[in-house]
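Here are some friendly notes to read alongside the model.

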Amino acid sequence: MAGATGAMQQMSLEPKGSGTLKDHTPFDAEDDSKKLRKAMKGLGTDERAIIDIIGHRSGRQRQELKLKFKTMFGRDLINDLKSELGGKFEDVILALMMSPPEYDAYELKRAMKGAGTDEDALIEIMCTRSNAEIQAINAAYKQKYRSLLEKDLISETSGHFKRLMVSMATGGRTETATVDANKARADAQALFQAGERRWGTDESQFNVILASQSYPQLRAVFDAYVTVSKKTIEAAIKSEMSGDLEMGMLTIVKVVKNKHAYFAEKLYKSMKGLGTDDQTLIRVVVTRCEVDMVQIKQEFQRAYQKTLASFIQDDCSGYYKKILLALIGETYK
């Protein structure tokens, strides 16, 4: 590909990942349904049996179970689980019983409900999902809440951060694997002019480039930026922006550079220090366990010199700890 297309090259769109939770074989939805009914029937609940089934079946299999359970017993599995379980363990199990778009939609709604907004959750979901995932979330949100996700994001956010969220909600990022090196250099220069080279920052220029271009193209832009500025794109964003907009833009950069390391950092921050950010911990484990948790665990250990499992062991307890360990492919007693 020399000559006119010398500046164009093919790069992989996104690093492939592998989940710690996969299809269980053999899978017998009827037998699983009987075991789940038995675990919840009468006095007391057999939480271990619930973990052994729900914590070891893929999303597709869990959806099949939901239908089979209702067909066999004329009972709603979700309602039964809600009435039998409690606390963080219940939160994980109920999250697992939703499809991925449903759960993302549920978390986005929760993040915008009531007083205050959980911008951290908005950023994590909106800035890390693929176009197809965003389209599915939009559809699930509309079906579940009879409202448009974009409309709710507009009412709950403001300024340049609102624009970034609306951009993400379109699910319109370029997803080709082709890189145009000349365009990358021009865009790096445009970002430099919009930030460091001027008084005040032209945030819209950052939005145009970071929200619309493919991951491989953005990697090339970030590499070119260092040449133009002698500063990394992260350093430029930190010095030019603040608050939610800064966090949103930095999330895009982190995900473009190494998505697995981004989620490893989210997990680390959810458990480090005093207290645990359970909502983030649950959301990341549930949404990544079938996608790229193998690589996230590797990045976690590389960055923090401890295993993800050891953090969960120290920070969580009871059946809540056991279900999380099951989902990340670790043994539990």
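1. Let me begin with Glu107, which counts as buried at 4% relative accessibility (buried means under 20% relative accessible area, exposed over 50%, and partly exposed in between, with a 1.4 Å probe and protein chains only). Glu107 sits in helix α6; helices here are DSSP runs of H or I with at least four residues, strands are runs of E with at least two, and both are numbered from the N terminus. Not counting residues up to four places away in sequence, Glu107 touches Ile125 and Arg283, where contact means heavy atoms within 4.5 Å. Glu107 and Arg283 are 176 residues apart along the chain, yet their C-alpha atoms are separated by 8.1 Å.

2. A word on the basis of these notes: this is a predicted model, in which local features need pLDDT of at least 70 and side-chain atom pairs count only at pLDDT 80 or more, while totals for chains, interfaces and linings use all residues. Residues are numbered from 1 along each chain as its sequence is written, and side-chain values use heavy atoms, with hydrogens and water left out.

3. Do look at how α6 packs. Helix α6 (residues 100–112) meets helix α8 (residues 131–145) at an angle of about 65°, and their axes are 8 Å apart; axes are lines fitted to C-alpha atoms, for helices over the stretch in contact, and angles run from 0 to 180 degrees between N-to-C directions. The two helices are therefore roughly perpendicular (65 to 115 degrees; under 35 counts as roughly parallel, over 145 as roughly antiparallel, and the rest as oblique). On the α6 side the contact includes Tyr106, Leu108 and Met112, and on the α8 side Ile137, Tyr141 and Tyr145. By class, the contact residues divide into 10 nonpolar, no polar and 3 charged; Ala, Val, Leu, Ile, Met, Phe, Trp, Tyr, Cys and Pro count as nonpolar, Asp, Glu, Lys and Arg as charged, and the others, Gly among them, as polar.

4. Helices α4 (residues 77–84) and α5 (residues 87–96) make another pair to inspect, packing at about 170° with axes 10 Å apart. That angle makes α4 roughly antiparallel to α5. Ile78, Leu81 and Lys82 of α4 meet Glu90, Ile93 and Leu94 of α5.

5. Which residues touch the most other members of the largest nonpolar core? They are Ile50 and Leu81, in a core of 100 residues; such a core is a set of buried Ala, Val, Leu, Ile, Met, Phe, Trp, Tyr and Cys residues joined through side-chain atoms within 4.5 Å. Helix α15 (residues 243–271) gives the largest share, 12 residues. Leaving out residues up to four places away in sequence, Ile50 touches Leu81, Leu85, Phe89 and Ile93, among others.

6. Ser270 also belongs to α15, and is buried with a relative accessible area of 1%. Beyond its neighbours within four places in sequence, its contacts are Gly275, Thr276, Asp277, Thr280 and Leu281.

7. Finally, some backbone details. Most residues other than glycine have a negative phi, and most peptide bonds are trans. A cis peptide bond joins Thr25 and Pro26, with omega about -5°; Pro26 lies in the loop between β1 (8–10) and α1 (29–40). Arg146 has a positive phi near 50°, lies in the loop between α8 and α9 (149–156), and is exposed at 69% relative accessible area. Gln305 has a positive phi near 55° and is exposed at 62%.
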